[in-house]
Amino acid sequence: MIIKKDYLNKNNNYLEMEKEGLEKAINNFDKRFKNKEIERTNFLKGLEEFSKKQIDLNKRINKEAQNKK
């Protein structure tokens, strides 16, 4: 029996998917803060962590874009 692995041939951009997921998480975190489910200090700490993740992700996206050239 031959099994084709087409999922390896698909051009899935995992970094873009990760970026979309991070944006959804930030939006959800913001909604929770607006509904007063999270204290301000915890919100600021969370935003700091999200910003670190975004900076790292943008660096990886730029690195991959340069490698494709």
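**Group meeting: the nonpolar core and the aromatic pairs**

The largest nonpolar core here consists of nine residues: Leu15, Leu22, Ile26, Phe29, Ile38, Phe43, Phe50, Leu57 and Ile61. By a nonpolar core I mean a set of buried Ala, Val, Leu, Ile, Met, Phe, Trp, Tyr and Cys residues joined through side-chain atoms within 4.5 Å. Buried means under 20% relative accessible area, exposed over 50%, and partly exposed in between, with a 1.4 Å probe and protein chains only. The elements that contribute two or more residues to this core are α1 and α2.

A word on the source. This is a predicted model, in which local features need pLDDT of at least 70 and side-chain atom pairs count only at pLDDT 80 or more, while totals for chains, interfaces and linings use all residues. Residues are numbered from 1 along each chain as its sequence is written, and side-chain values use heavy atoms, with hydrogens and water left out.

The protein has two helices and zero strands; helices (H or I, at least four residues) and strands (E, at least two) are DSSP runs, numbered from the N terminus. Of its 69 residues, 14% count as buried. Its accessible surface comes to about 6,500 Å², with 50% belonging to carbon and sulfur atoms; these areas come from the Shrake-Rupley method with a 1.4 Å probe, and for residues, only the protein chains shown count as cover.

Let me turn to α1. This helix has 21 residues and reaches 30 Å from its first C-alpha to its last, close to the 30 Å expected at 1.5 Å a residue; the expected span is 1.5 Å times one less than the number of residues. Which residues of α1 are buried? They are Leu15, Leu22, Ile26 and Phe29. These residues cover an arc of only 65° around the axis, so they lie on the same side of α1; the arc is that of the directions from the helix axis to the C-beta atoms. On the other side of α1, Lys24, Lys31 and Lys34 are exposed. Just after α1, Lys36 takes a positive phi of about 60°.

In α2, the buried residues are Phe43, Gly46, Phe50, Leu57 and Ile61. Their cover includes α1, and the cover of the buried residues of α1 includes α2. Setting aside neighbours within four places in sequence, Ile61 is in contact (heavy atoms within 4.5 Å) with Leu15, Glu16 and Lys19.

Now the aromatic residues. The whole structure holds three aromatic pairs. Rings of Phe, Tyr and Trp (its six-membered ring) pair if their centres lie within 6.5 Å; planes under 30 degrees apart count as stacked, over 60 as edge-to-face and the rest as tilted. One of the pairs is Phe29 with Phe50, edge-to-face at 5.5 Å centre to centre and 70° between the planes. This pair links distant parts of the chain, with Phe29 in helix α1 (residues 14-34) and Phe50 in helix α2 (residues 40-68), 21 residues apart. Both Phe29 and Phe50 are buried.

Why is the pair of Phe33 and Phe43 stacked? The ring centres of Phe33 and Phe43 are 4.0 Å apart and their planes are at 10°, so the pair is stacked. Phe33 lies in helix α1 and Phe43 in helix α2, so this pair ties together parts that are 10 residues apart in sequence. Phe33 counts as partly exposed at 23% relative accessibility, whereas Phe43 is buried at 9%. Phe29, Phe33, Phe43 and Phe50 form one aromatic cluster.
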